[in-house]
Amino acid sequence: MASLVPVLDKDGVQLTVEDAVATVTLANPAKRNAQSPALWRALTEAGRVLPGNVRVVVLRGEGKSFSAGLDRQAFTPEGFDGEPSFLDLARGSDADLDAEIAAYQEAFAWWRRTDIISIAAVQGHAIGAGFQLALACDLRVVAEDVQFAMRETSLGLVPDLTGTHPLVGLVGYARALEICATGRFVHAAEAERTGLANLVVPNDELDGAVRDLTAALLAAPRDAVIETKALLQGACDRTYEAQRVAERAAQGRRLRDLAGLAD
């Protein structure tokens, strides 16, 4: 990857931008890119400071693992320096706890904005919060050594970082329940077969495959891609007839724009 001056570099998150492509890197390989509230705030900030010309955002993790999930320090009585521990949060009011979790979720929510397409480049472990971060992206290109797992239930918790909706959408309710309730590993072949992965490649080809996919995504006019993404995102919540109406409306906007008749 080209050496670029980071737009953002804090709390284990780096953001670099080159023309229409932004790269968000989890940059704490010594801890297998374990996640913390500070990292989540940095990810949220990365989404807020994206330049308006960015069309594709690539999410990657340095080292052998994409992300091993939540840093277990979160479950200690002392928690993280300068942060309320999870035990302290549990002792607070329902409203305060809900607000804190909602703030954490912001780090995972912006990847599906219609003005960008996000690609997770995943190698090694993507566990718990790491799995959910990969699921937050529109597309996933994975290395042959990938190991997805949703381990929250083994800790007495539930997946709460926006991962359940895309997981059910990709693999169906029954398989999603089995994956979450057992906490088992999902390896590359199953990920590709069930739709979790768009593409599986050898580890040393991961970066090249992501570059090729990025180039293909940039080939079409931006507005057409934005309209198409919005159409597909809403398709599951619409009836067939409502989707037909949405298609007509979107196509009308595109034709008027191409003809120079847009409002």
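Predicted model: local features only at pLDDT ≥ 70, side-chain atom pairs only at ≥ 80, totals over all residues.
**Strand β5**

Strand β5 spans residues 117-122, and six of its six residues are buried. The cover extends to both faces of the strand. On one side lie I117, I119 and A121, and on the other S118, A120 and V122, all of them buried.

β5 pairs with strand β4, made up of residues 56-61, in a parallel arrangement joined by five bridges. Within this pairing, V58 is positioned opposite I119 of β5. β5 also pairs with strand β7, residues 139-143, again in the parallel sense, here over four bridges. The bridge partner of I119 in β7 is L139.

**Cysteines**

The count of disulfides is zero. A disulfide is a covalent bond between the sulfur atoms of two cysteines. For a pair to count here, the sulfur atoms must lie within 2.5 Å. The closest cysteine sulfur to that of C137 belongs to C180, and because the separation is 18 Å, it is too far for a bond. Taken from the other end, the sulfur of C180 has its closest cysteine sulfur in C137, also at 18 Å and too far for a bond.

| Cysteine | Relative accessible area | Class |
|---|---|---|
| C137 | 0% | buried |
| C180 | 13% | buried |

C137 is therefore buried at a relative accessible area of 0%, and C180 counts as buried at 13%.

How values were computed. Residues numbered from 1 in each chain as written. Heavy atoms only, no water. Buried < 20%, exposed > 50% of the residue type's maximum accessible area, 1.4 Å probe, protein only. Helix = DSSP H or I, 4+ residues; strand = E, 2+ residues; numbered from the N terminus. Pairing = 2+ DSSP bridges.
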